[in-house]
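This report looks at charged side-chain pairs and at one helix. The structure comes first, then the reading of it.

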Amino acid sequence: MEELRIAVCEDNPEEFEKLFLLIQNSGMPVQTGIYENGEAFLAEYHPGLYDLILMDIYLDGISGVDTIQAVRSMDPEIPVAFITTSKEHALEGYRLNVARYIEKPVTGQAVADVLQLACEKSRTPPVFRSFTMESPCPFPSARCFPSNRKHIIFCSI
């Protein structure tokens, strides 16, 4: 099984430690990128870097919601889970197409569920789209990036 590449954006060290332990204890092989704020995350992020983003909503500086809004302009497909102490932003999560909305304290089951979802999505072959057709892409290493209502497809053979 390939390593699942996960970005964790959490500014509270205690909450991060709990989340990190749950990820490590999930039994899935993972590689974790750690960020304390949205600005640091966005400075490094590009489509294809991660298979899953775990995002705290209440961060110092730019909020998790604003961070994911910026991510969605680059990558509308990456699975995202908001991790928060409040239900207040659930509607924003829905609008941003987040895969999960997890309330703190985070449970091992919630982490396992979102890791499984990301694992399944990372194994889904890219889809080739043309003007009027949509079909599985014949190139497993293809990556498709939307750009101004057009798609640019990069393939490596």
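Aspartate 56 is buried, because its relative accessibility of 4% falls under the 20% cut-off. The model is predicted. Aspartate 56 pairs with lysine 104 in a salt bridge, N to O at 3.4 Å. The two sit in distant parts of the chain, 48 residues apart: aspartate 56 in strand 3 (residues 52-56), lysine 104 in the loop between strand 5 and helix 5.

Lysine 104 has another partner. Its side chain meets that of glutamate 10 in a salt bridge of 2.9 Å, N to O. Glutamate 10 belongs to the loop between strand 1 (4-9) and helix 1 (13-24), and lysine 104 to the loop between strand 5 (100-103) and helix 5 (108-123), so this bridge ties together parts 94 residues apart in sequence.

The structure holds 4 salt bridges in total. Another of them joins lysine 121 and glutamate 77, with the closest N and O atoms 3.6 Å apart. This pair also links distant parts of the chain: lysine 121 is in helix 5, glutamate 77 in the loop between helix 3 (64-74) and strand 4 (80-84), and 44 residues separate them. Lysine 121 is partly exposed, with a relative accessible area of 36%. Glutamate 77 is partly exposed at 48%.

| Pair | N to O distance |
|---|---|
| Glutamate 10 and lysine 104 | 2.9 Å |
| Aspartate 56 and lysine 104 | 3.4 Å |
| Glutamate 77 and lysine 121 | 3.6 Å |

In general, side chains of opposite charge can pair when their charged atoms come close.

Now helix 1. Helix 1 has 12 residues and reaches 16 Å from first C-alpha to last, close to the 16 Å expected at 1.5 Å a residue. Its N-terminal end is capped by asparagine 12, with a side-chain oxygen 2.9 Å from the backbone nitrogen of glutamate 14.

Which residues of helix 1 are buried? They are Phe16, Leu19 and Ile23. They cover an arc of only 70° around the axis, so they lie on the same side of helix 1. An α-helix has 3.6 residues a turn, so residues three or four places apart point the same way.

Notes: Residues numbered from 1 in each chain as written. Predicted model: local features only at pLDDT ≥ 70, side-chain atom pairs only at ≥ 80, totals over all residues. Heavy atoms only, no water. Helix = DSSP H or I, 4+ residues; strand = E, 2+ residues; numbered from the N terminus. Buried < 20%, exposed > 50% of the residue type's maximum accessible area, 1.4 Å probe, protein only. Expected span 1.5 Å × (residues − 1). Arc of directions from axis to C-beta. Polar contact = N/O pair within 3.5 Å; in protein donor to acceptor, adjacent residues only side chain to side chain.
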